[in-house]
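My plan was to start with the crossing and then step back to the whole chain.

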Amino acid sequence: MNDIEYILDFVANLGCKMLSVGANLERVEDTMYRICHSYHLTEISIFSLSSLISVSAKSPTNITGTRQISVPPASNHLEKLSRFNQLSREVCQKTPAPRKLAKLLEEAEQIKDYAKATIIIGYLIAMSSLAVLFDGSFKDIISADLNTLVLYWLISFLGRRNINHIVVNTVSMWIAGTLAILYVRFGIGEHCFTIMIVNAMMIIPGIPLVNSVRNILCGNEMNGILEFLKVILETVAIVLGLVLSIYMFGGLIQW
């Protein structure tokens, strides 16, 4: 392989990995441009969407290369994103040998994930705090936490099968809404809407919403609008799941 092929492989894979852990599309494109410029590539052309990255450039010796790569569905991982950002800065400053870039990217990705118990405890604390903020009772807190456990395992199960987020959100909130109704029906919870709203906060696509608005404001309107529409659809899916649960089982309780 020529040096430009190693560079473009690295640029495309780094951009893909950054997007897959929740990076903003405009930031990813800027990072890719900076790395290409640091290696003195010219005629740089980058096309990127949330599902696809294509990059082409020409080396100082007039060798042209192109790389195209599909981006997997995003799953926020801020620690990995921080490592990728740090790697991109180091590469721009030090410009290591192109043949070493793939190994550097592999090392940056090797982050020890938190234990599942730690993640679950974090979710429980967050959902309990939200229940208190929404003036929920102690029973509502318990109900919201029970639903949090169910949602964590359900979203993890569906996520491993690469199911579309719209479908995941609909199914997850249908189950969460149904359980909330049953909790109130059998006296485990008190305020059904409080439980539902708290659990909806767990899967609302907040970071993608911020990223889409930033893209629009920074002049990347096409990608920003596409991302914004995706966020809207995923949010509507949450509402749809809750409406279905109320329509199917709402008669079990007094509203």
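I looked up the hand of the crossing of helix 9 and helix 10, and it is left-handed. That term means the near helix is turned anticlockwise from the far one by less than a right angle; clockwise would be right-handed. Helices here are DSSP runs (H or I, at least four residues), strands are E runs of at least two, and numbering starts at the N terminus.

I noted that this is a predicted model: local features need pLDDT of at least 70, side-chain atom pairs count only at pLDDT 80 or more, and totals for chains, interfaces and linings use all residues. Residues are numbered from 1 along each chain as its sequence is written, and side-chain values use heavy atoms, without hydrogens and water.

Next I checked the geometry. Two packed helices are described by the angle and the distance between their axes. How do helix 9 and helix 10 cross, and at what angle? The axes of helix 9 (residues 206–217) and helix 10 (residues 221–249) cross at roughly 155° and come within 7 Å. Axes are lines fitted to C-alpha atoms over the stretch in contact, with angles from 0 to 180 degrees between N-to-C directions. The two helices are therefore roughly antiparallel (an angle over 145 degrees).

Then I listed the contacts (heavy atoms within 4.5 Å). Helix 9 brings Pro208, Leu209, Ser212, Asn215 and Ile216. Helix 10 meets them with Glu221, Gly224, Ile225, Glu227, Phe228 and Val231.

Last, I stepped back. The chain has 10 helices and three strands. Its C-alpha trace spans about 75 × 35 × 30 Å along the principal axes.

Notes:
Angles under 35 degrees count as roughly parallel, over 145 as roughly antiparallel, 65 to 115 as roughly perpendicular and the rest as oblique.
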